[in-house]
Structures are given as C-alpha cells and as structure tokens.
Amino acid sequence: MCGIVGFTGELPAKDILIKGLEQLEYRGYDSAGIAVLDDKKGLMLKKKTGHVADLREAAKDMDTQGTCGIGHTRWATHGGVTEANAHPHNCGSVTLIHNGIIENYRELTVEYGLSEKLKSETDTEVVAALLDKIYEGDPIVAIRKTVKLLAGTFALCIMFSDHPDIIYCVRNVSPLVAAVFDQGTIIASDLTALIPYSRKYFVVPEYHILTMTRDSIRVEDMKGNKVTPEILTVDWDINSAQKGGYPHFMLKEIYEQPEALERTIMPRVSDGMPDFTEDGIPDEVLKGIQRVVVVACGTAMHAGMVGAKVMESRLRIPVQVEIASEFRYKDPIIDETALTIILSQSGETTDTLEAMKIAKSRGSKTISIVNVKGSTIARESDYVLYTHAGPEIAVASTKAYTVQISAMYLIAARMGFVKGILSEEETREFIKKLTGAGELIKTTLENANNIKRIANHIKMAQDVFYIGRGIDYTMSLEASLKLKEISYIHAEAYAAGELKHGTIALISENVPVIAIATDPAIYPKTISNMKEVKSRGAYVILISHDAEKPDDSVCDRHIRIPDGDPTFSVFATAAVLQLIAYYTSDARGLDVDKPRNLAKSVTVE
C-alpha cells in the first residue's frame, strides 16, 4: 500500500518525483507529498491531501533545481487524512517516507521522550524523531541502531540535511525496487515508477541498507558487509503501463486477458502436455502430495477457489482454501504431506507471505503463483509459477484473476498425470481445452455492448445479488467483490440452493439478481432458484451457454457465453462479470481504476 519514489542524480528531482507518484496512483492513497534537498535553499517540503494532481499544482511555487528528493502517496493507517499526517516527515536533520506499520511507536515515543517533537498522529513521524535523536553524524550507524528498535513492517527512504545528495533506504517486508541509470539512481515501491528510466533493476533485500548517490547504489547488510544484488530485467514494455487508447486501465486489462493467458499457459505446455521443467518444479513434489492447501486474499483467494473445485473433483484429494489473514492465527493442521499453493498478484501481500512462512515451518512444500518477478513471496517459496500477465494498474484485479486460475489448472493437470489419476489422453484433452481459454474470452468480449446495456439498468440499484451452484458459486463470489469495490453498490453472492434457508428474504421488487448457470448437470436446479426470485419481483439476469434458450418466465435478460465444458467456461464467465462491474461503475460516473479506500497491493496487516 502507498507509493514511494526517491531520486538523486543530475536532473531536477521535483518533476521526477511527481511523475513517479503519478505512476503509483493505482496503489491507493489519500494524500501525497515530496521533499527536495536544494544545495542553496536547503530542505523544501510540499504536502497535500487529495490527488497527486493537487500536489503538482501546489508544487508550482517550489522554486528548486535540487537533484535529490523523496516522494510519497499515503494511504491512512495511523491518523486521519491531513497534510500534517502526510509524508514526508521531517524532524531535525532527518526527512523520511515510510510504507508499513510500526507496531511499537507508542512505546518508543515514551521511552525516548519524543512526544514534544511530534506534529502528526503517525507512527512514521516517530521513526523520524527517533532517528534524529540517535543521529550523531553517521547515517549508517544511526539507521542500524534505529532499525533494531522497530517492531513491524517498514520500507524507509531517508535524507539527512548534512548529506544533501544521498538517499538511504532500508526495508522489512514492505517492498522496494531500485535502479541505476545514466542520469542518476532511483528507488520506488513498484516497478511502474522505474521503467521510464531503466529496464534493469533489483529488489532491495530485507534488512540491508542502501546508500544511493548520484551515480551508484551501495548495498550492505546490517554488519556493513557489501552485498551485490541480483539484477533483474523488466519483461514487459512501458506501453503496458499506459492506457493505450482505452478510457480506463481496467477495461484495457479485461481485453488483455487472452494474451495474458497465452503467455502464462503456452510456456508450460510441451507436446500437448503440462510441463514445469522451465519452472524447476519436479514431478516428485507433486506425486507424493496427499492434500492441497490454497492460501490467498481477496480476488486471488477467489481464483484459488475455482482452481480448488477443479483440482478436488479431478484428483479426488482434499483441497482446502484458506483466507491468509485467518490462516495465520488458526494454528493450521498442515505437514509435509500437504502442498501449499500461495496466490498473490504482487507477491508482497503481507498476510499471504506470513501464511506461507507458517506452512513452510511445518514441513509443507510451497508453490507460489505470482505476477511480479523477484517479489518476496516468489523468492521465499520453494517453487514459483510466474503468471506473465504484465502490469495490472487498475485496483480491481481482472487479468491477474484469470491467469491465476489457469496456473491452478496447469498444476491440477500435471499433478493428476504424475499421480496416475489422469491418463495421458485425459491430460491432453484437459490441456487442449485450457489453451482455448483465450479464444473463449475473445468471443465473449464481442458481446460487450449487450453487457453495457444491462449495467445501465442496474446502476441505480441499492443491492445486487449473485447466485450460482458449484463452480458458478465461486464465480459469484468474485463477481460480487468486483461490483461492490468499484461501483459501491452493495452486492452479495449466495449459493443458489441456500436461498430458501433465509437469504430469499432479501429479495424485493426489481432488485437485480445475476444468476450464473454454466453446468448442465445442475442447470435445472439453478433455473428453479431463478424462478423463485423472479416470482418475488426480482430483475433476473442469466449468464449461461449460448445453447440454453430460457423464456421470459425464467429471466429478464440473458447473457450468452460460448458453449463448452463448464470447467473452462469460467474464463468466459469471468469476462462477463468483469464487464458488468466495469460498466456499472463507469455509468455511475466513478473513478473505475482507483476506487475509494482501496489499494492495489496490501502490504500491511
């Protein structure tokens, strides 16, 4: 959560910082600020609540050519949305920005007598005050001493007034990436702020101190030993992080799903069979597994639920899906016979990372499904499947969701084959259908205008309900999340068969009910549930295969998806549900890409 950018070099820092913060707006924030060290004018600081555009306007009166500075977009945790609480924070000779949460800030305030120095309500300013109190002229020594006192998560970028061209950085859990280019050095919380300057970067190791100068970055551990970080290369084009003619990133990313699926699936298919050779996942790991635990949060968890349904039905082994934040505190029953699959788009989700550590500590092998190379979860899991979706800028996840499902399907297919549960013929047929997932989405997107008309009907609704059975119910959970997070309409998902056990009481005249019915085996049951809600006045929208021809007694509107195996219809269904959420939000005049109160990457508990 929040955005960090820091630069020191040969160029004026102010514009680089603001442009960097604009690149990071999708992470979610409520205020922004920059600090520039000017050789002639000293520290120049500007903070504003609201958007980065407000900061850009306010910063017009910052008359500085200073070439060293730090910038931050804040998502409020400690303290309200005020300029005083916005970052950067300055105390004496120290100016810093911070992502994460310092858990013992109150204790530090009392123990070191910092209260009189504090002007904000934030845990971050306590770190600045503490560091300033400890500082005696050597930044590295002061940072080491300070970091040892901090409990919690942090990514800190620090400037000292008597070292005007240098930025110091250190982190624990909260991500940072850094790069050197011809005109300076740059650091950020996300690659999107770096790629205009360099395609080469490195992930800042935890509990290592960076010293960023105008032309180099030194990395050392907490004992002062120099460390050479692994240099990575951005494998997507800068244009991937631009709208490319689409009105919103979310719509662009919905339409990018076929290509993202191809990049994820095809490198893992050899001669028609699933193959993890390039990923380094040996068959022996999959062969001996007796059960699978899937751990994730939010949309990633919903992708895991889809994959779990298919995995359990095809492999006939127990597969359980756990909310990462709950898994951490439930003393889970897990051992070396279990495979733990970790899903996270960013690879930095704190709850998911900590859950993975618990699974590993109890002997479980771990496979992470992530989109960001070099991310913490990718580095710390036993094995990793990168999804190759490219940057996802909209806060509401779309293409990351479908590629995560495809990765789960690949694991299911390979595991089934090596365990002797699926024959080679069955495995080939499964993979053949999976490789056609992108075409299913392309065909479905051709029906976008019909979906847009439906969204215009439900845009004024107070409540929207999704119903489905089996795998369609798991799709309903993601659909309701999508709608509520970007349209702010109250939406809930219910297993269709559970309506009669209480939730049908919520149905009132003209309330939209979106029913998903893609499985022929239970299609008649879902149709019966639709008739139940329609007879009580609901406005019913059915999503089903093109071959189904329901009459007006069943539904008011019918969204057709291509005929086929319901296991793979999830990809077409996902596109429909994403478009419903997108067009509803857009019709309500909302900021589709940056919904209120939300952040793209959740790196705090």
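Trainee: Which residue forms a salt bridge with D271?

Mentor: First, the general idea. Side chains of opposite charge can pair when their charged atoms come close. A salt bridge here is a side-chain nitrogen of Lys or Arg within 4 Å of a carboxyl oxygen of Asp or Glu. D271 pairs with R428, with the closest N and O atoms 3.5 Å apart. D271 lies in the loop between β15 and β16 and R428 in helix α14 (residues 424–435), so the pair ties together parts that are 157 residues apart in sequence. Helices (H or I, at least four residues) and strands (E, at least two) are DSSP runs, numbered from the N terminus.

Trainee: What should I know about the model itself?

Mentor: This is a predicted model: local features need pLDDT of at least 70, side-chain atom pairs count only at pLDDT 80 or more, and totals for chains, interfaces and linings use all residues. Residues are numbered from 1 along each chain as its sequence is written, and side-chain values use heavy atoms, with hydrogens and water left out.

Trainee: Is D271 buried or exposed?

Mentor: Buried means under 20% relative accessible area, exposed over 50%, and partly exposed in between (1.4 Å probe, protein chains only). D271 is exposed, at 65% relative accessibility. R428 is partly exposed, at 29%.

Trainee: How many salt bridges does the structure hold?

Mentor: There are 28. Among them is R268 with D279, where the closest N and O atoms are 2.9 Å apart. R268 is buried, with a relative accessible area of 3%. Another is E354 with K357, at 3.4 Å between the closest N and O atoms. Those two residues are 3 apart in helix α11 (residues 350–361), so about one helical turn separates them. Shared partners also join R144, R218 and E220 into one network of salt bridges.

Trainee: How do I read aromatic pairs?

Mentor: A pair of aromatic rings is described by the distance of the centres and the angle of the planes. Rings of Phe, Tyr and Trp (its six-membered ring) pair if their centres lie within 6.5 Å; planes under 30 degrees apart count as stacked, over 60 as edge-to-face and the rest as tilted. The count here is 12 aromatic pairs. The ring centres of Y246 and Y255 are 5.9 Å apart with planes at 35°, so this pair is tilted. For Y582 and Y583, the centres are 5.1 Å apart and the planes at 70°, so that pair is edge-to-face. Y582 is buried, at 1% relative accessibility.

Trainee: Which residues do ring pairs link into a cluster?

Mentor: Y409, F430, F568 and F571.
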